[in-house]
Amino acid sequence: MSGLSSFISAASERARQTDLLFFSATALSGFIVLLVAGLIIGFSIRYRKNSNASRAELPPPLLREFETGWTLATVLLFVTIFGWASAQGFGAMTPAGEPLQINVVAKQWMWKSEHPGGEREINELHVPADRAILLSMNSQDVIHSFFVPALRIKQDVVPGHTEALSFIADKPGTYALLCAEYCGTQHSKMTGKVIVMEEEDYADWLSHQEADNSLAAQGERLFTTLGCSGCHGHSANVRAPPLENVYGSPVALADGRIVEADDAYLRDSILQPKRDVVAGFKPIMPSFAGRVSEANLLALLAYLKKKPQQEARDD
Amino acid sequence: MREISPLAGIVAEQFDDRGQQRQAAEFGMWIFLGTEVLFFGAIFLGYTLYRMAYPAAFAEAGRETLVLIGSANTAILLTSSLTAALAVKAAEFGRSRLVVRLIAVTIALGLVFLALKGYEYHHDIKSHFVPGDPLFGLSEHAVIFVSFYWAMTGIHAIHMAIGLGAWVVVAILVRRGRVVPDKTNTVEVVGLYWHFVDTIWIFLYPLLYLVGRS
Amino acid sequence: MTDTTADSGAVETAETTDEALGRSYLSASGSTLSSWLFTIDHKRIAILYAISTTVFFFIGGAAATLIRLELLTPAGDLVADDTYNKLFTLHGITMIWFFLVPVIPTTLGNFLVPLMLGARDLAFPRLNLFSWYLNIGGGLLALAAIILGGVDTGWTFYTPFSSFYSNSYVSIAALGVFLTGFSSIATGLNFIVTTHTMRCPGLTWFRLPLFIWANYATSLIMLLATPVLAMALLLIVAERWFGLAIFDPTRGGDPLLFQHLFWFYSHPAVYIMILPGMGVVSEIITCFARRRVFGYTAMVFAILAIAVIGFFVWGHHMFVSGQSSYANLVFSFLSFMVAVPSAIKVFNWTATLFRGRITFEAPMLYALGFVGLFTMGGLTGLFLASVPIDLHVHDTYFVVAHFHYIMVGGMVSAFFGGLHFWWPKITGRLYPERWAQAAAIMMFVGFNTTFFPQYILGYLGMPRRYHAYAPEFQMFHVASTLGAVLLAVAYLMPLFYLGWSLFFGRAASANPWEATGLEWTTASPPPQHNFFSTPVVREEPYNYHPEGTPKDA
Ligand SMILES: [Cu+2]
Ligand SMILES: [Cu+2]
């Protein structure tokens, strides 16, 4: 990223249209402000206490005409701006062509993305230029907002909703990616880059990424989609035992026993959480028996075995 | 300090006459009830939206409420509205002792309502009909209905308790002669509030007890 | 305009009768602490509110100072991130709910509504006192939340952050806001009933001063919007305490429902904050231009239109939250329409100056400043009402600048204008004019220096609520902080010279500005029961004569 241009350069047709609308509105507003200020200052001077300007009343019909006049002018002006703005808003809604769909997951406090081939990134998003991109976004915890100033777009990512955001960037470069919806302690650190590349550079970049379809990676996705991270994640509000380095380590239970967290123990804890409750925690975890398939259970276990490295990368 | 209570049968000094005072008191209560409509309106709106989103879960959870107690409570509240209305009528004719008696009956009915409601809550907690209960046994979105059930009945119960408190105060004031029933409209104003709280229940009853049972 | 005329002869009569009939409200029922804490006199309650809102203003201001200092440098180095988040939450909660929302209605409004109506008090004096205690109770809860460790949700309390993720004292703060909401409702109810039932003889609806109309409309909004906020906050508390699931996405709840409920209150709340200011400005501009307000009827309907349309525009806060684009279209259109009556008001104030006989005492400087800053705030509101622009500037400093222009540039200017205008009436003392004019000008300059750069920051893409930011933005933040220093000094000045005037200021006559309006027909400060005899109104409001002051008004 270099300087203000990573924020303010307009990297899409839509961004340039928004600029046009914005600067036209600014010019118009500037004119109105100057008009009002000019009238106030002009009247203040002309009708100051000791001036000998006429104070005679104007005829009431004339006053009424003034009033109707500026009311109508205001309505007309506002409707015009509204019409222009909405026309642009609706025009921008349907990007042409089959879009490239990229999944984005927002969580406190990072942006994760996954390309169609399984290539994954954190706090970076590489996209090809001149191609419709459709972001399909989910949040793991609170509301975040995907904001790329250079594209003049922003979309809240509300947990429980899958939000779509599409754009066509046409100017290769590196642009700021920000979280615009306040999301907790490190909200201001939830930033990244959007790297717009020429089509062939993007293909080249893709070929150097390795798609992570390992069992552990699937498990990590399940860890969030099943809601485990809602309590066991390190920023969760509900108090639940942390799972970093849990595999193979001794665990003190509420009834005083100490067991080793092996495959069998972890499996039981998912399916029958009330049985071996960890000391110091309330038995509030629901059972996942019947809600998680055997294959998924294996994936989860694979993820838990790998968890320390994973989290270290996150922080 | 002004020592004259506006609750006494005398015109408070900011008012010109008794008519103005009555008008202000009644108008004030109506406006307050208007704000209450919006207060409850917010949660009714939420209920409606979620019920459209999760009709099956709402029907399932709705069948778990204790319809017998809910129905009994509906009857009890309607009766209390009647006695409250009679108290207002009695007040118009200046029958102080009758007013006190009718208010007492209203209060008693209200207490029975709350007692039954308390029993019902006790039962709900025992059978894990509580959001956040780890043994909550219903299907996925039923917890939303249960959340509304507790929020709506809880807030209604608080309103009932406030109404009962107001009745107690009015009864004491009438009994001591501090409120002269046919000179002020205190009884009428509290009656308005009581009818409003009953009306809310009339809406809650089908939404919480009859849903899923048709 | 009334049976007690406003010219100097009548003033003397008023003063002599004052001695004959009774002392002012300030001394009539003693000066013990309990004579104040248990007073049911609307004028004394206004003073209680003036003290409490001033305290909250300076608490919120202290938080703002720390925020501005933190933002001097791009790195988050002055305070930790959590502390910063708690600071802007504290700033928002205290400024909005404990200063901006109550301040004009409960101080100037409480004092003036009965006086302007020719009434002896509000309809429900005890409820009025009770509302102050509710406000204080709510304020103490909010302060308790801060002392215990703070709240970090922002004043918007968005779920699920506020309900399940924040580890701060959200519930206590939310209950504090809930309580003060009831205080708003009580005040609004009192004003509406009083305006309906207690107008003095001859005071028909279309003879009411615009200040009354503004407070009337404000009260309507308080009554109809506040309960919805109350329910939303109550549900957040219930989610935190009892595990309710209504806004919890992990169990099928929808966080957007909270946003709808929240903005159903909080957009109209903007008008709770600005309408009373418009009322104040209408009183001041007419008085110092010596002219009847231009288009009185249009002004009244503009006030009512703002209050009504204001209820249907809340969705403009949710353009980027995944709301359907048709909903966006409707909310966008209505947001443009709600600006029309505001524009009419700006033009009418300007036109009131035409052929006036204008003088520039401090209240007038504040009022003219209000018109300018409100115009800028209102116009940038149209930017935000346009969906494509909002997609870019939503949740950036552009929004921060916009609402500060309305609420601080507009509302706070109006409050200071009103405070100076009615200061002689409230205290019976004249404030030092030169100092007041200097403070007014400093406030205007300081305000623009602080907030204009924030428009630019916003368009450049600086999000709000950022503890640390990209170094590219620093020069704008430095300018903003320098302006804030000026602004802080300007806000502190009245504390000193107004305080000074309480003890050393010259005694004010009943009508030092030669203003119309019933409040100026009684003594300064007014006697305990406001008037010596019930006034009778025979004329339209704002019967000013720019051609010269007639002797027989
Ligand atoms: Cu975020
Ligand atoms: Cu708004």
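The following conversation goes through selected features of this predicted model.

User: Let us begin with the metal. Which residues coordinate the copper ion (ligand 2)?

Analyst: The donors are C:His267 through ND1, C:His316 through NE2 and C:His317 through NE2, at 1.8 to 2.0 Å.

User: How are the donor residues spaced in sequence?

Analyst: The spacing is H-x48-H-H. C:His267 belongs to helix α10 (residues 255-289) of chain C, while C:His317 sits in the loop between α11 (296-309) and α12 (325-353) of that chain. These two histidines are 50 residues apart, and the pair links distant parts of the chain.

User: Is C:His267 buried or exposed? And what about C:His317?

Analyst: C:His267 counts as buried, at 6% relative accessibility. C:His317 is buried as well, with a relative accessible area of 18%; the cut-off for buried is under 20%.

User: Staying in helix α10, where does C:Gln259 stand relative to C:Phe247?

Analyst: C:Gln259, which lies in helix α10 of chain C, is 12 residues from C:Phe247 in sequence and 9.8 Å from it in space, C-alpha to C-alpha. C:Gln259 is buried, with a relative accessible area of 1%.

User: Salt bridges next. How many are there over all chains?

Analyst: The count comes to 13 salt bridges. One of them joins the side chains of A:Glu199 and A:Arg131, at 3.8 Å from N to O. A:Glu199 lies in helix α4 of chain A and A:Arg131 in the loop between β4 (124-128) and β5 (133-139), so this pair ties together parts that are 68 residues apart in sequence.

User: How accessible are A:Glu199 and A:Arg131?

Analyst: A:Glu199 is partly exposed at 36% relative accessibility, and A:Arg131 is partly exposed at 28%.

User: What is the salt-bridge partner of B:Glu120?

Analyst: B:Glu120 pairs with B:Lys117, with the closest N and O atoms 2.9 Å apart. The two residues are 3 apart in helix α4 (residues 96-126) of chain B, a separation of about one helical turn. Both B:Glu120 and B:Lys117 are buried.

User: And C:Asp41, what does it meet?

Analyst: The side chain of C:Asp41 meets that of C:Lys43 in a salt bridge of 3.1 Å, N to O. C:Asp41 is buried with a relative accessible area of 4%, and C:Lys43 is buried at 0%. Elsewhere, A:Glu13, A:Arg16 and A:Asp170 are joined into one network by salt bridges that share partners.

User: Which residues make up the patch of negative charge on the surface?

Analyst: The patch gathers A:Asp130, A:Glu198, A:Glu200, A:Asp201 and A:Asp204. Among them, A:Glu198 is placed in the loop between β10 (192-197) and α4 (199-207) of chain A. A:Glu198 is partly exposed, with a relative accessible area of 36%.

User: Which residues form the nonpolar patch?

Analyst: C:Ile441, C:Phe444, C:Val445 and C:Leu486 form that surface patch, with about 320 Å² of accessible area together. Helix α16 (residues 433-460) of chain C supplies the largest share, 3 residues. C:Phe444 lies in that helix and is partly exposed, at 36% relative accessible area.

User: A change of topic: what does chain B consist of?

Analyst: Chain B has 6 helices and 0 strands. Its C-alpha atoms fill a box of roughly 60 × 35 × 30 Å along the principal axes. Of its 214 residues, 52% count as buried.

User: Finally, the backbone. Where are there cis peptide bonds?

Analyst: One cis bond runs from A:Gln108 to A:Trp109, with omega near -10 degrees. A:Trp109 lies in the loop between β1 (100-107) and β2 (110-114) of chain A. Another cis bond joins C:Ser524 and C:Pro525, with omega about -15 degrees, and C:Pro525 lies in the segment after α17 (474-504) of chain C.

How values were computed. Residues are numbered from 1 along each chain as its sequence is written. Chains are lettered from A and ligands numbered from 1 in the order in which they are written. This is a predicted model: local features need pLDDT of at least 70, side-chain atom pairs count only at pLDDT 80 or more; totals for chains, interfaces and linings use all residues. Side-chain values use heavy atoms; hydrogens and water are left out. Patches are made of residues with over 30% relative accessible area and no salt bridge: like charges are joined within 9 Å, nonpolar side chains (Val, Leu, Ile, Met, Phe, Trp, Tyr) within 5 Å. Accessible areas come from the Shrake-Rupley method with a 1.4 Å probe; for residues, only the protein chains shown count as cover. A salt bridge is a side-chain nitrogen of Lys or Arg within 4 Å of a carboxyl oxygen of Asp or Glu. Lys and Arg count as positive and Asp and Glu as negative; His and the chain ends are not counted. The place of a charge is taken as NZ of Lys, CZ of Arg, CG of Asp or CD of Glu. Helices (H or I, at least four residues) and strands (E, at least two) are DSSP runs, numbered from the N terminus. Buried means under 20% relative accessible area, exposed over 50%, partly exposed in between (1.4 Å probe, protein chains only). Donors are N, O and S atoms within 2.8 Å of the metal (3.2 Å for Na, K and Ca); water is not among the atoms, so sites may look incomplete.
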